[in-house]
Every structure is written in structure tokens, then in C-alpha cells.
Amino acid sequence: MKNYFLFILGLFTLSNCEKVDCNKSADYYRKMDMNFILIKKKPLNHGREVNFKIKNNQNNKDENYCDENTWFAWHYADFEEGDTIIKKKGETVFSIHKKDTVLSFIYECNGKIYK
């Protein structure tokens with residue numbers, strides 16, 4: 001009986017962890033204002049913590065960018081050293097500018113696109 005109770009409690013906990021407040025997340029991402037060149041891409045921490053060495057084009061300084069940015073983590077494979085990443089404040093799209101192409105990603109949560 002004790003194991004059954006722990007199993008049910010575990011399932012309940014996992015189901016609550018998966019719930020995301022999409023509006024709150026979209027508001028968070030709308031506030032972001034970024035324009036940087038990716039100097040070094042480090043491995044993801046905990047599956048969603050992004051850690052880059054960047055050249056910030058807004059202040060022309062080399063910096064570390066470390067954030068639990070799930071949106072960037074979803075597209076982590078698309079980031080390459082030398083790419084320019086642009087995210088304008090007030091928008092829910094970010095772009096990765098490569099040598100020969102631009103990839104744009106609109107924020108989507110639970111099947112809904114946020115503008």
C-alpha cells in the first residue's frame with residue numbers, strides 16, 4: 001500500500017511539473033532584448049539552461065550568457081559559433097543569422113503561437 005501511495009504521489013508531482021503558464025512565459029520572452037554573436041556554445045545544463053560566451057552587439061563587450069531559457073534550449077541544435085542571435089523587445093520571435101541564411105523561431109506553447 002505504501003508503494004502504491006508513493007507511485008500515485010509521484011505521478012501527481014510529475015503531471016504538475018509539466019504544466020506551463022504559457023502567457024507568463026510569453027510575457028517573459030517579450031521582455032528580452034538581445035543582439036549578440038555566439039563565440040562559444042557550452043553544453044546545456046539540466047536540459048534547459050543555456051550557457052554561451054557571447055559578444056554583445058549592444059555594448060560591444062564579451063560576456064557570458066547563462067539563463068534557463070527553455071525557448072533557446074528547444075532550438076539549441078540550431079545555434080553555432082559565429083551566429084548572430086537577435087531578439088527584439090516586445091516580440092515573440094528570435095532569429096539566428098548564419099553566414100548564408102536566417103532562421104526565425106516564433107514562440108509556441110501547448111500548440112498555440114504567441115504574438
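**Before you click**

This is a predicted model: local features need pLDDT of at least 70, side-chain atom pairs count only at pLDDT 80 or more, and totals for chains, interfaces and linings use all residues. Residues are numbered from 1 along each chain as its sequence is written, and side-chain values use heavy atoms, with hydrogens and water left out.

**Stop 1: the sheet**

Switch to cartoon view and look for the strands (DSSP runs of E, at least two residues, numbered from the N terminus, while helices are runs of H or I of at least four). Six of them make an open sheet with antiparallel pairing, in the order S3-S2-S1-S4-S5-S6. Two strands pair here if DSSP finds at least two bridges between them. Colour 61-68 and 102-106: these are S3 and S6, the edge strands, each pairing on one side only. From one strand to the next, the twist averages 30°, with axes being lines fitted to C-alpha atoms (for helices, over the stretch in contact) and angles running from 0 to 180 degrees between N-to-C directions.

**Stop 2: S2 and S3**

Now select residues 49-56, which are strand S2; eight bridges join S2 to S3, and the two run antiparallel. Click Asn56 in S2 and you'll find Lys61 of S3 standing opposite.

Is Asn56 buried or exposed? At 11% relative accessibility, Asn56 counts as buried (buried is under 20% relative accessible area, exposed over 50%, partly exposed in between, with a 1.4 Å probe and protein chains only). Leaving aside neighbours within four places in sequence, Asn56 is in contact with Asn35, Phe36, Lys61 and Glu63, where contact means heavy atoms within 4.5 Å. A polar atom of the Asn56 side chain also lies 2.7 Å from the backbone nitrogen of Gln58.

Step along to Asn60, in the loop between S2 and S3. Asn60 is exposed, with a relative accessible area of 55%. Its side chain makes a polar contact with the side chain of Lys55, at 3.2 Å. (A polar contact is a pair of N or O atoms within 3.5 Å; within protein, one must be able to donate a hydrogen and the other to accept it, and residues adjacent in sequence count only if both atoms are side-chain atoms.)

**Stop 3: salt bridges**

A salt bridge puts a side-chain nitrogen of Lys or Arg within 4 Å of a carboxyl oxygen of Asp or Glu. By this rule the count comes to four.

Select Arg30 and Asp27: their closest N and O atoms are 2.7 Å apart. Both lie in helix H2 (residues 22-31), three residues apart, about one turn of the helix. Arg30 is partly exposed at 23%, and so is Asp27 at 39%.

Arg48 lies in the loop between S1 (34-41) and S2, and Glu68 in S3, so the pair ties together parts that are 20 residues apart in sequence.

Last, show Asp83 and Lys98, whose side chains meet in a salt bridge (2.7 Å, N to O). Asp83 lies in the loop between helix H3 (70-74) and strand S4 (84-87), and Lys98 in the loop between S5 (93-97) and S6, so this pair ties together parts 15 residues apart in sequence. Asp83 is buried, at 3% relative accessibility.
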